[in-house]
Structures are given as C-alpha cells and as structure tokens.
Amino acid sequence: MGAATSIDFAIAFPDLVCGLVVIAGGLSGFDHPNTPEEEGIFAREAILTESKDVEGLANLCVRLWGDGPLQPEGRLCKEARQQLYAWCKDIAARELNGTGGSAFEDQDLDPPAVGRLSEIKTPVAVALGTLDESSTIAAMRYVGEHVRVSTLKEYKAAHMVNLECPDEFNVWLEDWLNIHYK
C-alpha cells in the first residue's frame, strides 16, 4: 500500500517529489495473479479478519511478510520475527477497531499509475524481495522496467527487505542517494 500510494502521489504532484524509493509494494491498476497457494493464505486472512482474531492476523502477517508466502514457516530470524509480530499485531488491532489505514477513504489515481509511469521524471529506487508474493514481485519489476530513471535491486528476502538485509540494503540506498543527490 505504501509503494502504490507513493507512486500515485509522485504522478499526481510531480512538483512536490524530488526522488522516490519504493520497496516491495504494489502499483495502482496493476493486475497480476498470485499463486493458488498465496490465494489460500489470503483466504485465511479474510477468515481471521471476520473473526477479529488479532493474534492470528499478526501471525499470518509474519508468515506472509517475514517468511514469504511460499517459504518454510520460521525462515525469518527470531529477532526480526519478534519485531515484525509486534508491528503486525498493532496494525491488525488498529484495522479491526477501525483506526487503521483502511479507515481512510481510498483516493485512487485516475487513470491508475500502471499506464502513467513515464510521467515520473524523478529518479526512482525500486527494491523487491524474491521470496515475496508473486504480485508484489511482478509489480516492482514492472515499475523498474517502466520508469525512465530507475534502479531495481532484488534481494533474497520476503516483503520486509530492509529488515532482513539491513546492511546490504543500506549500502545500496546510500549509493543510490549519492549518485542521484550528491
């Protein structure tokens, strides 16, 4: 949601954006199917949401974002897993009580960003985890291929690239910033 919102903002308000970093996110108007296994996980998420199971949602979030949807459960190191669980539990609680991000009305870009990436004139750094869900991987690769000035970096990680690969990510981002903004 963060990457898609940032990309939409960069297109809608180009004079307010001098650079963009998007990590493991979506793209408005981009439609790429997930695998049946991934869809099964999202179906479980709907059931947990309906039953208002905060802890179940937090655990599923760690499974999706931390381990990667098609990876063995527990792949993410213990320390990162604990931090991600705390974040996910807080997010799930806010979503279920109506104070999270979904409480705000969507203001979709029209037409959506998928057909307007060439309008982005600022440099864009794009990072993805190759163990993330299929649609996120495809969306980030699409952004990297269709923005005029973009740098795409792939990590052997799930959704939380900077949490799993902090040193490698920070070096890459610092190098990108030095190239484009020194």
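Analyst: Two strands pair if DSSP finds at least two bridges between them. The model under discussion is a predicted one.

User: Which residue of β3 is the bridge partner of Leu 128?

Analyst: Strand β2 comprises residues 124-129 and runs parallel to β3, to which six bridges join it. Leu 128 is one of the residues with a bridge partner in β3, and that partner is Glu 154.

User: What is the order of the strands in the open sheet?

Analyst: β1 and β2 pair in the parallel sense over four bridges, and six bridges join β2 to β3. β1 (20-23) and β3 (150-155) each have a single partner strand and stand at the edges, so one side of each is left without a neighbour in the sheet. Neighbouring strands are turned by 15° against each other on average, direction ignored. The open sheet of three strands, with parallel pairing, therefore has the order β1-β2-β3.

User: Which residues of β1 form the covered face, and which the uncovered one?

Analyst: In a regular strand the side chains alternate between the two faces of the sheet. In β1, the covered face consists of Leu 20 and Val 22, and the uncovered face of Val 21 and Ile 23.

User: Which residue in β2 does Leu 20 stand opposite?

Analyst: Leu 20 belongs to the covered face of β1. β1 pairs with β2 in the parallel sense. The residue opposite Leu 20 in β2 is Val 124.

User: What separates the C-alpha atoms of Gly 19 and Val 124?

Analyst: Gly 19 lies in the loop between α1 (2-12) and β1. Leaving out residues up to four places away in sequence, Gly 19 touches Thr 122, Pro 123 and Tyr 181. Gly 19 and Val 124 are 105 residues apart along the chain, yet their C-alpha atoms are separated by 6.1 Å.

User: Is Ala 24 buried or exposed?

Analyst: Ala 24 is placed in the loop between β1 and α2. Its phi is near 45°, a positive value in a residue other than glycine. Most residues other than glycine have a negative phi. The cut-off for a buried residue is under 20% relative accessible area, so Ala 24, at 3%, counts as buried.

User: And is Lys 52 buried or exposed?

Analyst: Lys 52 is found in the loop between α2 and α3, and its phi, near 55°, is likewise a positive value in a residue other than glycine. A residue counts as exposed over 50%. With a relative accessible area of 55%, Lys 52 is therefore exposed.

User: Where is the cis peptide bond that ends at Pro 111?

Analyst: Most peptide bonds are trans. Pro 111 has its place in the loop between α4 (78-96) and β2. With omega near -5°, the cis bond runs from Asp 110 to Pro 111.

User: How are α2 and α3 oriented to each other?

Analyst: Helix α2 (residues 36-50) packs with helix α3 (residues 54-67) at an angle of about 160°, their axes being 9 Å apart. The contact involves, among others, Ile 41, Phe 42 and Leu 48 of α2 with Leu 57, Leu 60 and Leu 64 of α3. The crossing is left-handed. Angles over 145 degrees count as roughly antiparallel, and α2 and α3 are therefore roughly antiparallel.

User: Is Asp 67 buried or exposed?

Analyst: Asp 67 has its place in helix α3. Beyond its neighbours within four places in sequence, Asp 67 is in contact with residues including Glu 73, Arg 75, Arg 81 and Ala 158. At 0% relative accessibility, Asp 67 counts as buried.

Key: Residues numbered from 1 in each chain as written. Predicted model: local features only at pLDDT ≥ 70, side-chain atom pairs only at ≥ 80, totals over all residues. Heavy atoms only, no water. Axes fitted to C-alpha atoms, helices over the stretch in contact; angles between N-to-C directions. Helix = DSSP H or I, 4+ residues; strand = E, 2+ residues; numbered from the N terminus. Parallel < 35°, antiparallel > 145°, perpendicular 65-115°, else oblique. Left-handed = near helix turned anticlockwise from the far one by under 90°. Contact = heavy atoms within 4.5 Å. Buried < 20%, exposed > 50% of the residue type's maximum accessible area, 1.4 Å probe, protein only.
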